[in-house]
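Hi there,

Here is the structure I promised to pass on.

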Amino acid sequence: MADATSLRVKELPSAEVQKNHVLTLEEWQDRWVTRNIGFHQEQGNRLLKKHLDTFLKGQSGLRVFFPLCGKAVEMKWFADRGHTVVGVEISEIAIREFFTEQNLLYTEKPLTEIAGAKVFKSSSGNISVYCCSLFDLPRVNIGKFDRIWDRGSLVAINPSDHDRYADVILSLLNKGFHYLVAILSYDPTKHAGPPFYVPDTELKRLFGTKCSIQFLEEADALEERHKAWGLDYIFEKLYLLTEK
Ligand SMILES: C[S@@+](CC[C@H](N)C(=O)[O-])C[C@H]1O[C@@H](n2cnc3c(N)ncnc32)[C@H](O)[C@@H]1O
């Protein structure tokens, strides 16, 4: 059993085999059209549920960011606790489904900073979802965040974009931030991704200079859809990143 307070050193296979695999924004949008959205968790993420109080630390009025949010139901969990939630998602279908399925009235308006982009806002004003690429988001002043929940986000980013992903994420962190990230461990020779296999060493390479990285928990995540990809194991690993 690894030391729960430090980054684990035991490594699984090399992620090298996936490094040039790319999914385009159009392919992601198409997944929503063809309903290839097996990643969506209707009940939310069980590891987040378990660690939610540790993550929030009893603080109120936090700004919480959801990169690559899809229609993650957890956005509502935070809003219901009085926090302000901001997400970014390339698929307009996903965003509309989020508000409709959560019974939230919303408004939409174009973003002047990014051609073709929009922002969707709940009528209570505490959930905003930007419909654009995460990589274009720095052109909009969305402020800094006290918390980031990253599930299905770092693992969905093309490996060749990891560095610029880390740059965007780090630019959004407020002093005293807590950045909770779930990564996946499986044999990358058996599935091309996404989700991509993100080794612990990659997390450390991307964020270790600026953040302290604490391993929280590893959970068996194997579902039928993973077996259909040819996998016989897949683990979800939760890490908490804080200011160094
Ligand atoms: C694996 S899904 C995860 C969604 C969500 N985080 C969840 O846990 O259900 C990744 C999502 O990111 C969106 N996406 C992919 N690349 C993106 C990008 N560069 N900018 C914004 N959204 C993106 C996809 O449309 C998809 O909904």
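Below is what I found, going from the whole chain to one residue.

This is a predicted model, in which local features need pLDDT of at least 70 and side-chain atom pairs count only at pLDDT 80 or more, while totals for chains, interfaces and linings use all residues. Residues are numbered from 1 along each chain as its sequence is written, and side-chain values use heavy atoms, without hydrogens and water.

The mean pLDDT (the predictor's confidence in each residue, from 0 to 100) is 94, and 95% of the residues reach 70 or more. Residues 1-6 fall below 50, with seven contacts (heavy atoms within 4.5 Å) beyond near neighbours in sequence. Where pLDDT is low, the predicted coordinates should not be read in detail.

The chain has seven helices and nine strands, as DSSP runs numbered from the N terminus (helices H or I, at least four residues; strands E, at least two). Of its 244 residues, 52% are buried, meaning under 20% relative accessible area with a 1.4 Å probe, protein chains only; exposed is over 50%, and partly exposed lies in between. Among contacts with a separation of 6 or more, 70% join residues 24 or more positions apart.

Now to arginine 63, which sits in strand S1 (residues 63-66). Arginine 63 counts as partly exposed because its relative accessibility is 25%. The C-alpha atom of arginine 63 is 6.1 Å from that of histidine 83, 20 residues away along the chain. Beyond four places in sequence, the contacts of arginine 63 include Thr84, Val86, Phe145 and Asp146.

Best wishes
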